[in-house]
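Please look through the structure shown here, beginning with the overall order of its elements and then turning to a few individual residues.

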Amino acid sequence: MRQIKAKFQRIAGFPGVIGCIDCTHVAIKNPNRINGERYRNRKGWMSLNIQVVSGPDYEIQDIVMRWPGSAHDSRIFDASRLKLRCDRGELEGILLGNVKGVFFQD
């Protein structure tokens, strides 16, 4: 973790960062008539909402690829093992992300 924090510090002068987190929508075909609408995102098309945490060298540190497009980014994080590890104190530092342009620390 010290090396990761040091690399982020060198990149942007931002201390304590252990990863950058965000979600992205990946388009899919409608999976079926019964549950298909769960996959319709807020923009109206079918997708999976995928959460990714990257490190300072653009490596993927964590990825969650099981949520339908209708799931909100915060819901995905709240149900993730990553959040559980943070809550347990296994990971100490800042996960840098944005929600409507506002930076937050969990």
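This is a predicted model: local features need pLDDT of at least 70, side-chain atom pairs count only at pLDDT 80 or more; totals for chains, interfaces and linings use all residues.

The C-alpha trace spans about 50 × 25 × 25 Å along its principal axes, and of the 106 residues in the protein, 32% are buried. When the contacts with a separation of 6 or more are considered, 47% of them are between residues 24 or more positions apart.

The surface can be considered next. The protein exposes about 7400 Å², of which carbon and sulfur atoms supply 52%. One place to look is a nonpolar surface patch formed by Ile60, Ile63 and Met65, which together have about 300 Å² of accessible area. Met65 lies in strand β3, which covers residues 60-68, and Met65 counts as exposed because its relative accessibility is 53%, where the cut-off for exposed is over 50%.

The loop between β2 (47-54) and β3 holds Asp57. With a relative accessibility of 47%, Asp57 counts as partly exposed, since exposed requires over 50% and buried means under 20%. Which side chain does Asp57 join through a polar contact of 2.5 Å? The partner is Lys7, whose side chain makes this contact with the side chain of Asp57. As a further point of orientation, the C-alpha atoms of Asp57 and Thr24 are separated by 19 Å, the two residues being 33 residues apart along the chain.

How values were computed:
Residues are numbered from 1 along each chain as its sequence is written. Side-chain values use heavy atoms; hydrogens and water are left out. Patches are made of residues with over 30% relative accessible area and no salt bridge: like charges are joined within 9 Å, nonpolar side chains (Val, Leu, Ile, Met, Phe, Trp, Tyr) within 5 Å. Accessible areas come from the Shrake-Rupley method with a 1.4 Å probe; for residues, only the protein chains shown count as cover. A salt bridge is a side-chain nitrogen of Lys or Arg within 4 Å of a carboxyl oxygen of Asp or Glu. Helices (H or I, at least four residues) and strands (E, at least two) are DSSP runs, numbered from the N terminus. Buried means under 20% relative accessible area, exposed over 50%, partly exposed in between (1.4 Å probe, protein chains only). A polar contact is a pair of N or O atoms within 3.5 Å; within protein, one must be able to donate a hydrogen and the other to accept it, and residues adjacent in sequence count only if both atoms are side-chain atoms. Contact means heavy atoms within 4.5 Å.
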